[in-house]
Amino acid sequence: MTVEHWIDLRCHPSTRPETVRAIEVRVRRSASAELLMTFRLDGDVRRIRVPSPGVPRIAKQLWRHTCFEAFIAVQGQPAYHEFNFAPSGEWAVYAFNAYRNGGPLADEMMRPHIAARSTDSRLELDARVRLDGLSAVHPRASLRIGLSAVIEASDGLSYWALRHPAGKPDFHAADGFALLLESPGPQR
């Protein structure tokens, strides 16, 4: 299944940013076993801390600043992967066996392709992830996807997701993996 329309992310109720009006995401699953995501932020981009483009590289703690995230799990399985995509081209990948039980993967083979562009009122980030890099199962399986963003702006941090659990922001909560991408079916 491909999501051809834009999906709204919701701001966590504990944060009320004036700088960000909306964040939307479009997700596409390609025939070549890639997950393609476009994150689109509308707001006062001049007041948002957007890291300058640089050399794509693995980085730590990207979630402390402006970054976009995808959580990918095979339907019915507790294991999942977390991807962090920074507008700078920096990235991180984490593997978890269950809720927050895991850690970073320092594997250049997992490197996503990231492209960002911005104007004074819009920031867009495209991210492409190879599903066969996660496992042999991922390209053909139904996937649960969590999409989120952390935005660092002059009025503080804000947390955006498809669905937020009760309490503080927690993008790892399985309830937040609210997008189901059905199996693409048998190859012809």
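Trainee: Is arginine 140 buried, partly exposed or exposed?

Mentor: Keep in mind that this is a predicted model. Arginine 140 has a relative accessible area of 32%, and buried would need under 20% while exposed would need over 50%, so arginine 140 counts as partly exposed.

Trainee: Where is arginine 140, then?

Mentor: Look at the loop between β9 (122–130) and β10. Arginine 140 is 42 residues from glutamate 182 in sequence, with 8.9 Å between their C-alpha atoms.

Trainee: Switching to charges: how many salt bridges are there in the whole structure?

Mentor: A search turns up 11. Take glutamate 34 and arginine 128, whose closest N and O atoms are 3.2 Å apart. That pair ties strand β3 (residues 34–43) to strand β9, across 94 residues of sequence.

Trainee: Which other arginine meets glutamate 34 in a salt bridge?

Mentor: Arginine 130, at 3.6 Å from N to O. Arginine 130 is in strand β9 too, 96 residues from glutamate 34.

Trainee: And is glutamate 34 buried or exposed?

Mentor: Glutamate 34 is buried, because its relative accessible area is 13%.

Trainee: What about aspartate 44, which arginine does it pair with?

Mentor: Arginine 46, with the closest N and O atoms 3.2 Å apart. Aspartate 44 counts as buried at 18%, whereas arginine 46 is exposed at 62%. As for networks, shared partners join Glu34, Arg128, Arg130 and Asp132 into one.

Trainee: New topic: which strand holds glutamate 24?

Mentor: Strand β2 (residues 20–29). Glutamate 24 is buried, at 17% relative accessibility, and its side chain makes a polar contact with that of arginine 40 at 2.5 Å. Beyond its sequence neighbours within four places, its contacts include Trp6, Ile7 and Phe39.

Trainee: How many residues does the largest nonpolar core have?

Mentor: It has 39, and the ones with the most contacts inside it are Leu35, Met37, Phe85, Leu147 and Ile151. Strand β10 (residues 143–153) gives the largest share, six residues. Apart from that core lies another, of 14 residues, including Cys67 and Phe171.

Trainee: Last one: how do β6 and β7 run?

Mentor: Antiparallel, with four bridges joining β6 (residues 91–98) to β7 (residues 101–104). Alanine 95 stands opposite glycine 103. The two strands form a hairpin with two residues between them, and arginine 100 in the turn has a positive phi of about 55°.

Methods: Residues numbered from 1 in each chain as written. Predicted model: local features only at pLDDT ≥ 70, side-chain atom pairs only at ≥ 80, totals over all residues. Heavy atoms only, no water. Pairing = 2+ DSSP bridges. Buried < 20%, exposed > 50% of the residue type's maximum accessible area, 1.4 Å probe, protein only. Polar contact = N/O pair within 3.5 Å; in protein donor to acceptor, adjacent residues only side chain to side chain. Contact = heavy atoms within 4.5 Å. Core = buried A, V, L, I, M, F, W, Y, C linked by side-chain atoms within 4.5 Å. Salt bridge = Lys/Arg side-chain N within 4 Å of Asp/Glu carboxyl O.
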